[in-house]
Amino acid sequence: MGEERFEDGWYVDERCTNCDVARQLAPDLIGEADGRSVVLRQPRDRAEVRLLNAAAHACHTRSIRPPGGRLDTAQDPFPLALDDTVYLCGHNSTHTAAANSYLLRRPGGTVMMVDTPRWSNELAARYEELGAVTDVLLTHRDHVAHGRRYADRFGARLWIHEGDLDAVPDADHVLHGTDPAEIADGVIAHPLPGHTQGSVLYVVDERYCFSGDSFYWSRTTGDLEVAESVTWYSITELAASLARTAGRLRFEWLLPGHGDRRRLPADEMARRLRRLTEHTGELKPRPVDFTAVRW
C-alpha cells in the first residue's frame, strides 16, 4: 500500500483578527505573520487534520478554511476534553472578542459553563449531552454575550460580579466585594478587580483556575502574564488584587479567556504566580494597545 496523502489547500482568509485561538489549538500548523494567522504547512496525517478542524471550528470569524472552503460539521470536535473534568467549548464568539469558554463537570453529574461560546440551540444541545448545566459563570463584562440566552436555555443560574453588573443587569446571582465566596461545593469565586472592575477568578477543587482576562499563559515568554496593554479598568488595581489574592490560590490548570492554557504542578504554578504578582506591581498605566499583547 502506498503512503496515504492529504489534500493541500488549508488557508486563513482575510477576516482573521489575530486573536491567537487557532494557534493555541494547532501551534505547529498555524503561526503568525504580519499581524494575522497563517498556515505554516499542510497536514501530514489524520491527527494534524483533526488539529486544523479544531482550529477552524473554534475561530470566531471562521477564517481557518479547509480545501474547498467549506467546513465539515462532522469534523467538529467540540466540546473538546482537556482532561476528565474540563472541556473546551470551541465556537468562539465575535461578541466576546473570540474568548475561550469552558464546560466544567461536577461530581454529581451536573455541569457548569464558564463564559460563553457563540449562541445556537444546536450547540446548547451538544453541550447538554455532558450533563445538566446548572450555572453559567461569567468572569467579567467582556464575556457576557450570550450568557442570558445559554442560562435560560439550560435553566441555569447566571453569575456576575457587582462591578460589571451593568453589563448583565438581569444576572441571577451577584458577587460582591473582594472576599472569596464559595458558590458551590469546591467552586470558589475570587473577585479580582483590574482588567475590569468586576473581574473574577473561579478556582475549582484546588485544581482549575478560570482566570478570564486577568492573566494567561504566554507561549512567547513561556510564563504567566497579564495583558497590561489591554487593561480596561486599572493595572494598579490588578496589581493590588493579585497581591491580596495570589497567596490564597492553589491550582494546576490555568484556563483563561484570552491567551493560552497551561497545566503545571501546583507548587510550580504558585511560584510563577508570586513572580507575576511582583512584576505586575512594577507596571505603570499605559494606553490600550491590542497589538502589544505577547501571546
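Colleague: In the hairpin of β18 and β19, which residue takes a positive phi near 90°?

Modeller: Keep in mind that we're looking at a predicted model. The hairpin of β18 and β19 has five residues between the strands. Among them, the one with a positive phi near 90° is G259.

Colleague: Which side chain makes a polar contact with the side chain of D260?

Modeller: Leaving aside residues up to four places away in sequence, D260 touches Q24, Y216, W217 and R219. The polar contact between side chains, at 3.0 Å, is with R219.

Colleague: Back to β18 itself: which residues point one way from the strand, and which the other way?

Modeller: W253, L254, L255 and P256 are all buried, whichever way they point from β18. W253 and L255 go one way, and the other way go L254 and P256.

Colleague: Which strands stand at the edges of the six-strand sheet?

Modeller: This is an open sheet with mixed pairing, in the order β12-β13-β14-β15-β18-β19. An edge strand has a single partner strand, so one side of it is left without a neighbour in the sheet. The two edge strands are β12 (181–184) and β19.

Colleague: At the β12 end, which residue takes a positive phi near 85° in the hairpin?

Modeller: Three bridges join β12 to strand β13 (residues 187–191), and the two run antiparallel. Within that pairing, E182 stands opposite I188. The hairpin has two residues between the strands, and the one with the positive phi is G186.

Colleague: What about the sheet of seven strands: which are the edge strands?

Modeller: That sheet is open too, with mixed pairing and the order β5-β6-β7-β8-β9-β10-β11. The edge strands each pair on one side only, and they are β5 (80–81) and β11 (173–175).

Colleague: Which residue in β6 stands opposite A81?

Modeller: β5 and strand β6 (residues 86–88) run antiparallel, with two bridges joining them. Opposite A81 you'll find Y87.

Colleague: On to helix α4: how wide an arc do its buried residues cover around the axis?

Modeller: In α4 (residues 147–154), the buried residues are G147, R148, Y150, A151 and F154. An α-helix has 3.6 residues a turn, so residues three or four places apart point the same way.

Colleague: Just after α4, which residue takes a positive phi of about 70°?

Modeller: Helix α4 covers residues 147–154. Just after α4, the residue with that positive phi is G155.

Colleague: How much space lies in the largest cavity?

Modeller: A search of the whole structure finds one cavity of 30 Å³ or more. Its lining has 13 residues, with C16, C19, A22, S37 and C59 nearest the centre. The space in this largest cavity is about 60 Å³.

Colleague: One of those is C19, so what is its relative accessible area?

Modeller: C19 has its place in the loop between β1 (11–12) and α1 (21–25). Not counting residues up to four places away in sequence, C19 touches H60, A98 and W295. C19 is buried, and its relative accessible area is 17%.

Terms used. Residues are numbered from 1 along each chain as its sequence is written. This is a predicted model: local features need pLDDT of at least 70, side-chain atom pairs count only at pLDDT 80 or more; totals for chains, interfaces and linings use all residues. Side-chain values use heavy atoms; hydrogens and water are left out. A polar contact is a pair of N or O atoms within 3.5 Å; within protein, one must be able to donate a hydrogen and the other to accept it, and residues adjacent in sequence count only if both atoms are side-chain atoms. Contact means heavy atoms within 4.5 Å. Two strands pair if DSSP finds at least two bridges between them. Helices (H or I, at least four residues) and strands (E, at least two) are DSSP runs, numbered from the N terminus. Buried means under 20% relative accessible area, exposed over 50%, partly exposed in between (1.4 Å probe, protein chains only). On a 1 Å grid over the protein atoms alone, a cavity is a set of points where a 1.4 Å probe fits but cannot get out, and a pocket is an open set with protein on both sides within 12 Å along at least five of seven lines; lining residues have an atom within 4 Å of a point. Grid points are joined across faces, edges and corners, and a volume is the space filled by probe spheres set on the points.
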